[in-house]
Amino acid sequence: MKKSLRKFLLDKGYKRIKLNRINTNHYEVKAKINGVEGSFILDTGASTSCVGFEAVKIFKLKAKDSKIKAAGAGAVNMETQISKKNTVHIGKWKNKKVALVLFNLDHVNTALTQHEAKPVNGIIGADILRTGKAVIDYNKNCLYLK
């Protein structure tokens, strides 16, 4: 008997998270950082997960200056800060030691609102996806994390 991808992954201990496809064809996912829920773009091409500077207080982040310059989505050489040891919940998946890069997300949110999509608090990138052994089911708009 053929097993569905969902059953196979759930049997392996993965958590299933529903994704919302927005007007830009990106996936939006709800996540909690340090107990506070926000809206994030799922971006497999982003090397690290990020939060906008304006959300530092919202998510109770302890920001430290960083020498790393951020680039992406049409912006380059942006100043960043880093916040280490954050607790991230995505659905029922949880990790207590997540480092987040903080930078100005205005260019991302401007692009989203120009396409009549809502602004986001940040980006879930490849670092979290790799840690959670992510599987994305594009057919069913679901993310699985272990």
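Two strands pair if DSSP finds at least two bridges between them. The figures below show close-up views of a predicted model.

**Figure 1. Strand β3 beside strand β9 in the predicted model.** Strand β3 spans residues 27–33 and strand β9 spans residues 81–90. The two strands pair in the antiparallel sense over two bridges. Isoleucine 33 has valine 88, in β9, as its bridge partner.

**Figure 2. Strand β6 beside strand β9.**

**Figure 3. The hairpin of β9 and β10.** Strand β10 covers residues 93–103 and runs antiparallel to β9, to which seven bridges join it. Glutamine 81 has leucine 102, in β10, as its bridge partner. Two residues lie between the strands of this hairpin, and glycine 91 in the turn has a positive phi of about 60°.

**Figure 4. The open sheet β1-β13-β12.** Three strands form this open sheet, with antiparallel pairing. Strands β1 (15–18) and β12 (135–137) stand at the edges, each with a single partner strand, so one side of each is left without a neighbour in the sheet. From one strand to the next, the twist averages 25°.

**Figure 5. Strand β1 beside strand β13.** Four bridges pair β1 with β13 (residues 142–145) in the antiparallel sense. Lysine 18 stands opposite cysteine 142 in β13.

Conventions:
Residues numbered from 1 in each chain as written. Predicted model: local features only at pLDDT ≥ 70, side-chain atom pairs only at ≥ 80, totals over all residues. Heavy atoms only, no water. Axes fitted to C-alpha atoms, helices over the stretch in contact; angles between N-to-C directions.
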